[in-house]
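Here are a few notes to read alongside the structure. Have it open and follow the points one by one.

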Amino acid sequence: MGEAFIALDRVQHVYGGEGGVLAVEDLTLSVREGEFVAVVGPSGCGKSTLMKLATGLQFPRAGSVRVDGQAVSKPVKIAGMAFQNPTLLPWRTTLDNILLPLEIVEPHRSRLRREKAAYTEKAEALLASVGLAGFGPKFPWQLSGGMQQRASLCRALIHEPRLLMLDEPFGALDAFTREELWCVIRDLQAARKFTVILVTHDLREAVFLADKVFCMSARPGRIIAEREITLPRPRDLEVTYSPEFADIVHELRSHIKDARSGVH
Amino acid sequence: MTSKQKIALAPWVFTLGFFLVWEAACRLFGISSFVLPSPMQIGVAMWEYRTQLSFHSFHTLWMTFAGFVLAVVFGLLLGLALGSSKIVHAGTYPLLVGFNAIPKVAVVPILVIWFGVGWLPAVLTAFLISFFPIVVNVATGLATIEPEVEDVLKALGASKLDIMTKVGLPRSMPYFFGSLKVAITLAYVGSVIAEYNASSYGIGNLMARASADFNVPLLFAALIALAVLGVAMYAVTAWVEKRMTGWAQRSGFAAG
């Protein structure tokens, strides 16, 4: 086991200055490079705070956050993000939405204009890999919710980030679309080996996708359990109906139940 | 005739009907043209004074437009400043609201003392009366950026300027173009008020003189000219809005 890619050490974070809300306290976790990690917990437990801390959008009141061996003091620039709401820009076509990160991140930023054709081709290949081939010229509002979420994933991945942050990205989708997208993200991660932190309410989603699941307590959030998921990869959706899978989900469920009732 | 055709025809029928009723009433009750001229008499007056009307319309038009352009530039810049900085917003908002509360007709005498009678008070009044809605709308547009989009870009290392140009500006454009429709109408009111009080040309000035001569048909002819100009300017801004921000008007409910 090499050095941790992301390491949070006894982190405390407060919203709203003095006397504000204590979002997380004594939060410690580490993630290896290339690992797929899921964070589950009761609502309002500071899961989104965890994401903001790990990407350098917020800084801890106490404790340390290190990403790729560096203490985080500004946005990390190696992260792609996707949220429950696809947040595509309505005045841009799907393709232009996906190219947006390249207009920000170097070295693409200075190359984009000259090598537009190559980048467009890359974006279209990415669209095809999530099942949206040919939808580039469409505007976001011409796509269904699930298609928008696929496009949002493409936007998060176009600049080949080493870290992908997913904040309940499948939460607003129907069950079938959600399972389809599980497979999309599973295949993308298997092919590209980026590190993923997935924040979710859905225990089945966490167990199906992740190498390791962290359970957080109710606010102020901290890690109350850590569970390696050793189900063999590649995992098929069938695995979600196996007894081992059900046992793990059940075990996690009891942690969440304890967290909600405040046993920990 | 289908109901769609009826709806398309309705504006013409109603407008024509309005003038017909007006004409009939004037004839039936023998209303003096000194009180309320009939549409026919107004038409005659419009033809008779066509050179004066078009001369003064032209001046009203360019003065309104000059004031409007000033308001757009200034309103856009101030709106961006307000929308991107909480301190600027908190600091200037009370001032802006207070300034906007002043009826602009009360400012005209001051402008006349400063700049004399002429085109400048009209342009400035048009500007002063019309920039406020632009400022408020642009600032509102910037304030409604989704925090998640901001997070996505910030996590990539985007600067405040990046976020402003990639998201903030396009996001506020529907608000901006929407406010132009209001602003052009206000600018028009402003320039006509100033012409009436402190100018030697423009439709407002023509009306002031017609009123002094008790030339009621000319007064009404000038009113019609004002209505036509106003509708034309509104139509142009509405068209520009539609062209520029079609993405925000995909619902048939909001269009038009």
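1. Let's start with a cut-off: a residue is buried if 20 or more other C-beta atoms lie within 10 Å of its own, exposed if 12 or fewer, and partly exposed in between. Keep in mind that this is a predicted model. A:K77 has 19 other C-beta atoms within 10 Å, so it counts as partly exposed. You'll find A:K77 in the loop between β5 and β6 (79-83) of chain A. Its phi is near 65°, a positive value in a residue other than glycine.

2. Now try B:F214: it has 9 C-beta neighbours inside 10 Å, so it is exposed. B:F214 sits in the loop between α9 (203-212) and α10 (216-244) of chain B. Its phi, near 55°, is positive too, and the residue is not a glycine.

3. Next, some strands of chain A. β1 (residues 6-15) and β4 (residues 62-67) pair antiparallel over five bridges, and A:L8 has A:V65 in β4(A) as its bridge partner. β4(A) also runs antiparallel to β5 (residues 70-71), with two bridges; there, A:R66 stands opposite A:A71. β4(A) and β5(A) make a hairpin with two residues between them, and A:D68 in the turn has a positive phi of about 55°.

4. Look out for a cis peptide bond between A:R233 and A:P234, with omega about -5°. A:P234 is in the loop between β10 (223-228) and α8 (243-261) of chain A.

5. Finally, where do the chains meet? 17 residues of chain B are in contact with 20 residues of chain A. On the chain B side, α7 (147-155) and α8 (160-198) each give two or more residues, and α7(B) has the largest share, seven residues. By class, that side has nine nonpolar, one polar and seven charged residues.

Technical notes:
Residues are numbered from 1 along each chain as its sequence is written. Chains are lettered from A and ligands numbered from 1 in the order in which they are written. This is a predicted model: local features need pLDDT of at least 70, side-chain atom pairs count only at pLDDT 80 or more; totals for chains, interfaces and linings use all residues. Two residues are in contact if their C-beta atoms, placed from the backbone, lie within 7 Å. Helices (H or I, at least four residues) and strands (E, at least two) are DSSP runs, numbered from the N terminus. Ala, Val, Leu, Ile, Met, Phe, Trp, Tyr, Cys and Pro count as nonpolar, Asp, Glu, Lys and Arg as charged, and the others, Gly among them, as polar. Two strands pair if DSSP finds at least two bridges between them.
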